[in-house]
Amino acid sequence: MASTGSASPGAAMAVPLTITAAGDGPPGRARPPRHLADLRPCDRRAAAEDLGHQGFRADQLSRHYFARMTDEPAEMTDLPARLRDGLAAALLPRLLTAERELSCDRGMTRKTLWRGFDGAYVESVLMRYPDRVTMCVSSQAGCGMACPFCATGQAGLTRNLSTAEIVAQVVAGARALADGKVPGGPGRISNIVFMGMGEPLANYSKVLAAVRRMTDRVPDGLGISQRAVTVSTVGMVPAIGRLAAEKLSVRLAVSLHAPDDDLRDELVPVNRRWKVAEVLDAAWQYAAATGRRVSIEYAMIRAVNDQAWRAEALAGLLSGHLAHVNLIPLNPTPGSRWTASDPQVAREFEGRLAARGIPVTVRDTRGTQIDGACGQLAASSRPGAPPVLGRAG
């Protein structure tokens, strides 16, 4: 995975590093059914016409899905009753089914394990704070990046998600908020982070289309500001350049985790192809093209990457650049050799960055009681896996 709300570890596995971004998975794999959210507004009207309906029926479906957050035919009372089921089945098929839902932080953090049409598992997390609601979404089922401390990386890549499968995670969260199912009363999603399962830039076209659906004005999309969207990556240099050329206002987050190539080769295997200097150079070009500060994600791993000299090395790499460091206390899984840094060591690491003038924060570690780091709940749901630790609350 590219990055997580709180990094998730696991014993290293011999998982092939998957970097190519074409297609939706291995040849011959069935693809999710077409959904309205896969299509641009003009293409939705054409799809409705191909089904023998007037084009404006697609506009009506868009209002139901993106403005009212519903795909239930019975709720579409502005459509003739005889058309509802057929149109919904053709353009609003149910793509994800909630397999498990867990909550913690007095219900303010809600994690959902979704099962796709083919049985593939993906996860999303809704986090409500006093001043915002953040939705963490997955872009792939599994991940091919093989980072050894990441629960998703242990599983390998199953397939890319479709645009509509990505968007559906956000729509489900928006529906829960609008219906008052999250403590704090009705609300709206204000931020989206592509820090769930998968490497977003390895599913480039679908992620880009999902960003557009999320940020298109209602009812063409969800109407969320581009500046409130963060796309993370382990450092796929050509794709970072491609994203910069899109001239979007989304924030880029780079999962660095080490300032030196020797260690990063181990922690983030894609570094064997694109080294630290190349990754950061692409990040600075992105910042220059967009005017957005780059977020540098750094999982704090005890006695692995938390040494004082690495803090100084990281500060040297970032000094003078438009960057902010997110230090992430590692969220360990049972049996892993990777564990979180000692709090005092982490504070010293943070202090050294701050003393060198590097903006730095420590990420809130929400969801540890419910296997909040991405991939942990899916891993626990595989046949023969140990039970999920923690409980809903």
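Which residues in H7 meet which residues in H9? In this predicted model, where local features need pLDDT of at least 70, side-chain atom pairs count only at pLDDT 80 or more, and totals for chains, interfaces and linings use all residues, Val-237, Ile-240, Leu-243 and Ala-244 of H7 are in contact with Glu-278, Val-279, Ala-282, Ala-283, Tyr-286 and Ala-289 of H9, contact being taken as heavy atoms within 4.5 Å. Residues are numbered from 1 along each chain as its sequence is written, and side-chain values use heavy atoms, with hydrogens and water left out.

By class, this contact of H7 with H9 has nine nonpolar residues, no polar ones and one charged residue, where Ala, Val, Leu, Ile, Met, Phe, Trp, Tyr, Cys and Pro count as nonpolar, Asp, Glu, Lys and Arg as charged, and the others, Gly among them, as polar. Two packed helices are described by the angle between their axes and the distance between the axes. For helix H7 (residues 237-245) and helix H9 (residues 276-290), the axes come within 9 Å and cross at roughly 5°; such axes are lines fitted to C-alpha atoms, for helices over the stretch in contact, with angles running from 0 to 180 degrees between N-to-C directions. H7 and H9 are therefore roughly parallel to each other, given that angles under 35 degrees count as roughly parallel, over 145 as roughly antiparallel, 65 to 115 as roughly perpendicular and the rest as oblique.

Turning to the whole protein, there are twelve helices and twelve strands, which are DSSP runs (H or I of at least four residues for helices, E of at least two for strands) numbered from the N terminus. Of the 393 residues in the protein, 57% are buried, where buried means under 20% relative accessible area, exposed over 50% and partly exposed in between, with a 1.4 Å probe and protein chains only. Among contacts between residues at least 6 apart in sequence, 70% join residues at least 24 apart.

Helix H6 (residues 204-215) has twelve residues that, at 1.5 Å a residue, should span 16 Å, and its end C-alpha atoms are 16 Å apart, which agrees; the expected span is 1.5 Å times one less than the number of residues. Nine of the twelve residues of H6 are buried, so this helix is largely enclosed by the rest of the structure. Among the buried residues are Tyr-204, Val-207, Leu-208, Arg-213 and Thr-215, and what covers the buried residues of H6 includes helix H1 (41-50), helix H2 (56-67), H5, S7, strand S8 (229-233) and H7.

Most residues other than glycine have a negative phi, and most peptide bonds are trans. His-257, in the loop between strand S9 (251-255) and H8, is not a glycine and yet has a positive phi of about 70°; at 4% relative accessibility, His-257 counts as buried. Ala-303 also has a positive phi, near 60°, and is placed in the loop between strand S10 (294-300) and helix H10 (308-318), where Ala-303 is exposed, with a relative accessible area of 62%.

Some side chains can be followed through their polar contacts, meaning pairs of N or O atoms within 3.5 Å, where within protein one must be able to donate a hydrogen and the other to accept it, and residues adjacent in sequence count only if both atoms are side-chain atoms. Ser-190, in the loop between helix H5 (163-178) and strand S7 (191-194), is partly exposed at 28% relative accessible area. A polar atom of the Ser-190 side chain lies 2.9 Å from the backbone nitrogen of Val-133, and the side chains of Ser-190 and Asn-191 are joined by a polar contact of 3.0 Å. In strand S2 (residues 109-115), Lys-111 is buried, with a relative accessible area of 0%, and its side chain is joined to that of Glu-123 by a polar contact of 2.8 Å. His-324, in strand S11 (residues 323-329), counts as buried at 13% relative accessibility, and its side chain makes a polar contact of 3.3 Å with the side chain of Thr-361.
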